[in-house]
Amino acid sequence: MAVVGKKEVKNVGGVEVKEGEVLPTKILGDWCRKQKRRPGKFKNVADKGSFRYRLILQDAKNQARDMVFVSSRNAKNDEVGMEEVAILGLLHVEGERNLGLKMP
């Protein structure tokens with residue numbers, strides 16, 4: 001009889017991430033590596049105490065081909081703000097791929 005271990009659940013910014021699930025920032029980082037792009041740059045563009053992020057996906061050779069994404073609303077905390085703008089980037093670069101099965 002096999003013993004089934006308890007699945008590990010992490011809490012990232014108030015979001016439960018179960019075993020086998022991957023955060024959008026990780027998926028986006030993997031995409032950048034595969035496309036030979038620099039890692040995305042995240043910057044908080046909201047006032048102090050608010051969390052609204054801008055994401056820049058830089059092209060290695062041509063700055064005119066950089067992609068910029070800005071979340072339109074404030075998030076409840078820092079981690080969630082970064083993940084929300086990462087989802088915007090993923091929808092643009094991998095829109096046809098079903099990512100719902102991987103993300104929490």
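## Secondary structure

In this predicted model, the protein chain contains 2 helices and 5 strands. Read from the N terminus, these elements follow the order β-β-α-β-β-β-α.

## Dimensions and surface

The C-alpha trace of the protein chain extends over about 60 × 35 × 20 Å along its principal axes. The chain has 104 residues, of which 29% are classed as buried.

## Contacts along the sequence

When contacts between residues at least 6 apart in sequence are considered, 46% of them join residues at least 24 apart.

## Nonpolar core

The largest nonpolar core comprises 15 residues. Those with the most contacts inside this core are Leu28, Trp31, Leu55, Leu57, Met67, Phe69 and Val93. Two or more core residues come from each of helix 1 (24-34), strand 4 (53-57), strand 5 (67-70) and helix 2 (78-93). In soluble globular proteins, nonpolar side chains tend to be buried together.

Met67 illustrates the contacts around one of these core residues. With neighbours within four places in sequence set aside, Met67 is in contact with Trp31, Arg37, Leu55, Ile56, Leu57, His92 and Val93. Among these partners, Trp31, Leu55, Leu57 and Val93 are also listed with Met67 as core residues with the most contacts inside the core.

Conventions:
Residues are numbered from 1 along each chain as its sequence is written. This is a predicted model: local features need pLDDT of at least 70, side-chain atom pairs count only at pLDDT 80 or more; totals for chains, interfaces and linings use all residues. Side-chain values use heavy atoms; hydrogens and water are left out. Helices (H or I, at least four residues) and strands (E, at least two) are DSSP runs, numbered from the N terminus. Buried means under 20% relative accessible area, exposed over 50%, partly exposed in between (1.4 Å probe, protein chains only). Contact means heavy atoms within 4.5 Å. A nonpolar core is a set of buried Ala, Val, Leu, Ile, Met, Phe, Trp, Tyr and Cys residues joined through side-chain atoms within 4.5 Å.
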